Amino acid sequence: MSAAVLETVALRKRFGGISATDDVSLRLAHGARHALIGPNGAGKTTLINLLTGVLAPTAGTILLDGADITGLSVHARVRLGIVRTFQINQLFAALTPLSSLALAVSVQRGGSAGWWKPIGADAAVAAECQGLLERFRLADVMDQPVASLAYGKRRLLEIATALACKPRVLLLDEPVAGVPEGDRQEIFEAIDALPADVSILLIEHDMDLVFNFARQVTVLVNGAVFAEGDVAAIAGDPRVKAVYLGEDETGAETAGPAPAHG
Amino acid sequence: METASYASLRGHERSRRIASASGSAPTSIAATLLTLLFDGIAYGMLLFVLAVGLAVTLGLMNFINLAHGAFAMAGGYITVLLMNRAGVPFVACLPLAFIGTALLGALLERTLYRPMYARPHLDQVLFSIGLVFMAVTAVDYVVGSMQQNITLPPWLQGRLPIEAVGIGKYRLFIIVICSALTVLLQWVLSRTRFGSRLRAAVDDPRVAGGLGLDVNRIFLLTFAVGSGLAGLGGALGAEVLGLDPTFPLKFMIYFLIVVSVGGTTTITGPLVAALLLGIADVAGKYYVPTLGAFIVYCLMIAILTLRPQGLFARAGSR
Amino acid sequence: MTGSDEALSPAARSLLRAGRWRWWELALFAALPLAWLLLPRQSLLINEIAIVALFAVSLDLILGYAGIVSLGHAAFFGFGAYAAAIFAKDTLADPLVGLAVAIGASALLGAATSLLILRGTDLTRLMVTLGVASVLYELANKLDTLTGGADGLRGVVMGPLVTPFGAFEFDLSGRVGCAYSLAVLAVALLVARRIVHSPFGISLQALRDNRLRAASIGLAVRRRLVAVYTIAAAVAGAAGALLAQTSGFASLDVFDFHRSAEVLLVLVIGGTGYLYGGVFGAIVFQLLHDVVSAWTPQYWNFWLGLFLVVLVLVGRERFVRPWTWFRRGRR
């Protein structure tokens, strides 16, 4: 059993009387391909927000390589290698894909505070951007303002921006939500192509993709961990099926829940 | 631009009056404090009536309306004109000022303000600054830039001598009227159907619209009433605050302080903020006249820095 | 810099292209000394335009690039003006040293007040910026032994402007003052230009567009906001210092709300977010002001207000960036 890269201990988040995250103890193994699934409203995005520092937990701790990062700010965690994508695209509307990626790469390389030299002066930054643009088929729109891009391209940019940050731990919140069929496989291939030592936690509703990609699965229901295990065990678990489909469905193979959104 | 406040022109006069109202030395401090408190409450209640429309507009339409003071000015000038040119008695002018300003507000909301609701705050700020400049110079052109004076009816002049504290009749009148208005507002908000519709629309206009509430009409009515209240406040305040074309600019920051410190989700928030502001300003002008409005601004900055959502806002409100 | 273009990837080429000088930029920078040379009798007017332009460019840094709406930017303008005037009167009348002092003082004020604008809504920020400017106004009013109070600080006599080309006394016709202001404007624009094309400058735009995303790629949002606010304050302070030094006095109206509102309008006329909006806006605004004031001296504010209302109702974007009307791919 490999050491956990990212770990939560009894993590809790309350909004008034509601426990959005209820005593979650999750271990993300080194090099994991770990899926987080659950019905809508189960608290999956809230958990990602807690892991990245967008929300502060009501109780519990978060550990990165054993070190307590619970109090760290969002940007400090990114600098430590915890990177996420957003379920709803969060992009820089007035920038171009190229400048967005160039910025992310500059931050990662430590040159983002430079104020005298233009952003194009560092050849390594440009080279990395070129690579990302080509990999995500954004090269033809690299100079257009992001606000004018089609949805599929913006989703690709969302993923590309995350990868530009050279993540050690990558948290993907429904990466293929709303993406046309043809592009979905491509995104997953790009994610699959990540080095084996990047640990990936993936929220996804498309069960085929989950079972193809993930090795471990955690099922979250009402903010708490409902079931956990490797892919085969979860796929065959009748309780998981029941929680998704309701008690009166019997036996039949289904493709998983129809997402109500995204 | 001198930001005026309660004691601006009449500061020395106030101090003298407070000093002369006191009796023997041991009671004079208490008397002074009580007089200051009383004057501060009157000023605060006046500020509340003036600013409550702005608070609701901001909470409801998320519109930063820096021209709110122009409606107050309109109410004041309507009163002055009616009294001095048409001989209308003062008390009758008050509802007329309210109605006149409310109609003006309704007209402007329908024509000018409505397209601006969805615009970014910068646009709203520029727009309302433009309106203020226009209003100020227009009034200057039409009526002239001198201070307008109102002669209060005799039964509102002078003081009620209670112990050693002189309670100004007019200030008492202001407190009574404004308290009645506050109670009325609170009742409308919490007991009537319009009130609950308004609160729903403040919480979430889109959902309210989706529930079938006519959000446009709610906006119109609310804006009109808010402007009307400002006009009424301007009419009431003409005697104590002074009335000239620069009124909206002078008092804009005070209204904004009430709204930003008091928050936009309740009525009591701006009320408490206005009372605090009134008392602080009056006391500050009396005890430390050299520092003037400086104290108020510093207090505001301190409060907004520590609690950016205002003193009373719920978490998550605008 | 780089070798032949063929060796560069499209990304590299595009990034480099973003920082290159456009023809109209060169024309603008050439126009600055040309205006001074060719219009000697308009020196006072040009001086005023240069000062307003510098002030507006400083506002662009926080408004157009970092997205902070401020109604009290005159606080830094005024602080720089008084710092320069007081320094010249009480310590040393050298203009360049005074300029440096004013810039330093305004930067400190900017850094201190930047902590106040980090949190809260747009309204909170408006109030706090307005409040700071008002506090400074009151302070300048009350500390009249230092600042001259309501009368202002008069009789600021500047020493000669010491340059590599010789020492120049400020003259009544304003030619030296005008050249001085234009030179400071040019230097500020050059430095600002480098900043906006740098990674730091791009990060400011990221902050403006999507603060959450900016933090999520590792940018320390607060630190950057403090930095840009400080820089903007320093540049505004420089503009104020120029005013005090070239006109010989500093008065309370440097802190006035009208000044904060006018610089906002100047910037909006010229367009935010592309650095030169302040310059174009200042030229247009000053010309408008002179034309309209000659016609109705008392009621300039009315037309100003009307212009603002119409401008906003029609849409700020229509007035901005005329060359993008012909470029494909933009709005």
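**Close-up 1. Helix H6(B) meets helix H7(B) in this predicted model.** On the H6(B) side, the contact involves Val188(B), Leu189(B), Ser190(B) and Arg191(B). Their partners in H7(B) are Phe194(B), Gly195(B), Leu198(B) and Arg199(B). Four of the contact residues are nonpolar, two are polar and two are charged. H6 spans residues 169-191 of chain B, and H7 spans residues 193-203. Their axes come within 5 Å and cross at roughly 80°. An angle from 65 to 115 degrees counts as roughly perpendicular, so H6(B) is roughly perpendicular to H7(B).

**Close-up 2. Helix H2(C) has a kink at Leu32(C).** The bend is about 30° and comes shortly before the proline Pro33(C). H2 covers residues 23-38 of chain C, which is 16 residues. At 1.5 Å a residue, the helix should span 22 Å. Its end C-alpha atoms are 21 Å apart, so the two values agree.

**Close-up 3. Six strands of chain A form an open sheet.** The order is S7-S8-S9-S4-S10-S11, with mixed pairing. S7 (82-85) and S11 (224-230) are the edge strands, and each pairs on one side only. Neighbouring strands are turned by 15° against each other on average, direction ignored.

**Close-up 4. Strands S10(A) and S11(A) pair in the antiparallel sense.** Six bridges join them. In one of these strands, S11(A), Ala227(A) is the bridge partner of Val219(A). Helix H1 (residues 44-52) of chain A packs on the sheet. H1(A) touches S4, S7, S8, S9 and S10 of chain A. Its direction makes about 150° with that of S8(A).

**Close-up 5. Chains A and B do not touch.** Their nearest C-alpha atoms are 11 Å apart. Two pairs of chains do touch, and the most contacts are between chains A and C.

Conventions
Residues numbered from 1 in each chain as written. Chains lettered and ligands numbered in written order. Predicted model: local features only at pLDDT ≥ 70, side-chain atom pairs only at ≥ 80, totals over all residues. Axes fitted to C-alpha atoms, helices over the stretch in contact; angles between N-to-C directions. Helix = DSSP H or I, 4+ residues; strand = E, 2+ residues; numbered from the N terminus. Parallel < 35°, antiparallel > 145°, perpendicular 65-115°, else oblique. Contact = placed C-beta atoms within 7 Å. Nonpolar A, V, L, I, M, F, W, Y, C, P; charged D, E, K, R; others polar. Expected span 1.5 Å × (residues − 1). Bend = angle between axes of the 7 residues up to and from the residue. Pairing = 2+ DSSP bridges.
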